[in-house]
Amino acid sequence: MNSTLQLLPGQIGHFFVILSFVSALVAVLSYAFAIKADEANQQAWFRFARTSFYLHSISIFGIVVSLFYIIYHHLFEYHYAWSHSSLSLPTHYMISCFWEGQEGSFLLWLFWNALLGLILIRTNKIWEAPVMVVFGLVQVFLASMILGVVIGEGFKIGSSPFILMREAMSNAPVFTSNSNFIPQDGNGLNPLLQNYWMVIHPPTLFLGFATTLIPFAYVISGLYLKKYREWIRPALPWALFSAAVLGLGILMGGYWAYETLNFGGYWNWDPVENAVYVPWLILIAAIHTMIVFRKSETALKAAVILSILVFLLILYSTFLTRSGILGNASVHSFTDLGLSGQLLIYLLVFTIGALFLLIYRWRSLPSTNEEVSTYSREFWIFMGATVLCLSGFQVIAVTSIPVYNSLLEAFGVSSNIAPPADQIAFNNKFQLWFALGVALLSGVGQFFWWQKIDKKVLWNSLSAPFVATMVISAAVIVLAKVGDIKYILLLTASLFTIIANGFILFQIARKSPKLSGGSITHIGIGLVLVGILFSSGYSTVISMNQSGLVYHSQFSEDMNRENILLWYNTPVKMKDYDVTYKGKAIEAAGFPGFIPMSKVSQTPDPFRVIASSDLTYNKKVYFTTGDTLSIDPVNTYYQVSYATNDGKSFDLYPRAQVNPSMGLIASPDIKRKLSHDLYTHVSSIPDPTDQKEWKEKSWDTLSIGDTFFINDYIVIFNGVSRVKEVEGVQLGQQDVAIKALLELVSTGKEELLEPLMIIDEGMIGRFPSTNENLGIKATLEEVIPAEGRFVFSSQHTQKDYIIMKAMEKPAINVLWIGTLVVMIGFGVAIQRRYSEFASMRDKNVE
């Protein structure tokens, strides 16, 4: 590694940060002047504004390249690279390092906004100036978050990703004595983020964040220009796209949690999860009110309010996540970098500005005095939007408890309001009923495709899906043994929305498939609700502790009751399976499967091991004895073999690591079946830092072919062989090295002990052979040549074990299929609405 500070990448990056801030500010002013300018000067202002925004976009790209260069080349003199990366990280996880920190995630947000701004400049000249004023102003605030400028006595604007270690930790003794000190390695990426979903989930989520700005910019522009109706046409396709992307980001986060975390689910009602989920709910409500307005010019005020609220909630979620106000209430929140005041200003500027403009134009907003009929499409869609808003309000009200406490304390009032102890149960208690309402309205609402329907026609239309729903629901309830009345109601409503929208889809698809987006999306929502109901409500723990043992006094009652103890190579009955823990395993570069740790030997380099036997996969040899393998020593996999009564078997490899600051970090392995998932994770392992307590030595004098015992294991002494090379030992020409071959025959699998003895000019060196899994070791103590006999000592300790939890999660595939159907529905709707907008735009119709 280069021992000289490389300052140029950081200097280039910081130059681009300043340039991005200044150019965004210039673009805002230029577009503002373009709005007010007369025709003679307007085009000049437009050219200048576009040039400024192009320069801003180029500078954002320059920041991205500079920061990734620093991370990729392991320039640990920079605090950001040292904090989030390390030498051992593969390239795809280096990408995750880019946005793990606050500065990188703000930069990702800036990047998407810049890209979207360029698209808007090219695709909608009519609205360009007012929309880009809003865009540019947001970019000014975001760029200020990574500015890293200190004014006067510690007044800080932003946090730079290009700050050096000696600047960030100036008081550390190592930098006091040597300001040019460069760490040899970095802290590395958070273990929980070392997952492929974390490579694609954050960019998707931040693209969703960025796209919420577009409907907001259009509605603000419409209010400012008094184009109260016209803004909806260009905003609607972008709102649909935003809902699809933000929803996809949320789903990716849920799938990451399901695959990586070990709480056994995909949604934990964590405050940061909620802070993204609520804007999405409000965005869906806003889309429905926009659709109502396009159909009948009602609900315009609701569309305006909700479109503004979505973006403000995104800013609010940013404040919650990054200000440090959540404290320990969330596992996702960032530490406070001293930006909480700046974030609050960001939120207040847009909140106050939007509210002022809305109030100022409120009386001018068109409205209709016509009473909306209960049998109209508008009424039922508006009811659905209301249920979505109430659902979001319930979640955000509870999530904001730390904010209430901080506000009260700011005014000198002591507050000890605490969030719910069991946030999952608390939120589920309310959200179940909101989901029930959404399901019913999603089914009924689609039958109001026209403005008004005769009562008789309506009930005739609903009778067929209603009867079908009752029949299918009854069958599912009986077969799946659904007994809870709440679940029966939710199941019936969810099936109703699937069936009712299926009827509508069949009718629409034959005439005009492009109109089917809503029906497809609602079918997907119904499938998602069914999948959530069964996979969460009827998830079954199958690893119940039948031994009566309390594993540890510090374990919770649930952990002692719902986990099973597996000793190495000792089968245990667990529901329909015989489960056996087969030992630890690792992954190695160039090998497609898992490698038992018993088949490799360690080296002084923790990232390298040596194959102690040929390593094969599907009968193909990938490494031969003595080959050096590259591994990631952080993660250890635990091979658990499942065998069924019909002779079938499979292995799962749940992962765990002991992190110095986070303790045991366990990730599940999942056996995916058509009807359910078998979800397995390790809950406890022997502490790797504990010193093993070996029993006193037992002694045996043996001839070749003799049998003896080590602890409870039968061992056959098969002989000795001369060894020419001993790892870590330089053998001289007169040295003799021999190894004994001890075969363990009562373990159910091939196990060997091979203790070594080296004779060097009368000096004897003894190298015991240890089987960590079985907790035994043997030492060749003495050779008696005259008798042809050998003296062995043996010891034993506690053998390896894991404490494991296993669950069956029924119908979870219905959930994942539902999410795919939802995305397809959004895609159809986006294509339709954008084609309508493009057609009118090409005719110069706003």
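1. Cys 389 has a relative accessibility of 22% and therefore counts as partly exposed, a class that lies between buried (under 20% relative accessible area) and exposed (over 50%), computed with a 1.4 Å probe on protein chains only. Cys 97, by contrast, is buried, with a relative accessible area of 0%. The structure contains zero disulfides, a disulfide being a pair of cysteine sulfur atoms within 2.5 Å.

2. This is a predicted model, in which local features need pLDDT of at least 70 and side-chain atom pairs count only at pLDDT 80 or more, while totals for chains, interfaces and linings use all residues. Residues are numbered from 1 along each chain as its sequence is written, and side-chain values use heavy atoms, with hydrogens and water left out.

3. An automatic or database assignment divides the protein into domain 1 (1-194), domain 2 (212-419), domain 3 (441-538 + 811-846), domain 4 (564-687 + 803-808) and domain 5 (698-798). Between the C-alpha centres of domain 1 and domain 3 the distance is 43 Å.

4. Helices (H or I, at least four residues) and strands (E, at least two) are DSSP runs numbered from the N terminus. Helix α2 comprises the 34 residues 39-72 and spans 50 Å from first to last C-alpha, close to the expected 50 Å, which is 1.5 Å times one less than its number of residues. Just after α2, His 74 adopts a positive phi of about 55°.

5. Lys 648 lies in the loop between β13 (636-644) and β14 (649-652). With 57% relative accessibility, Lys 648 counts as exposed. Its C-alpha is 9.8 Å from that of Tyr 577, 71 residues apart along the chain.
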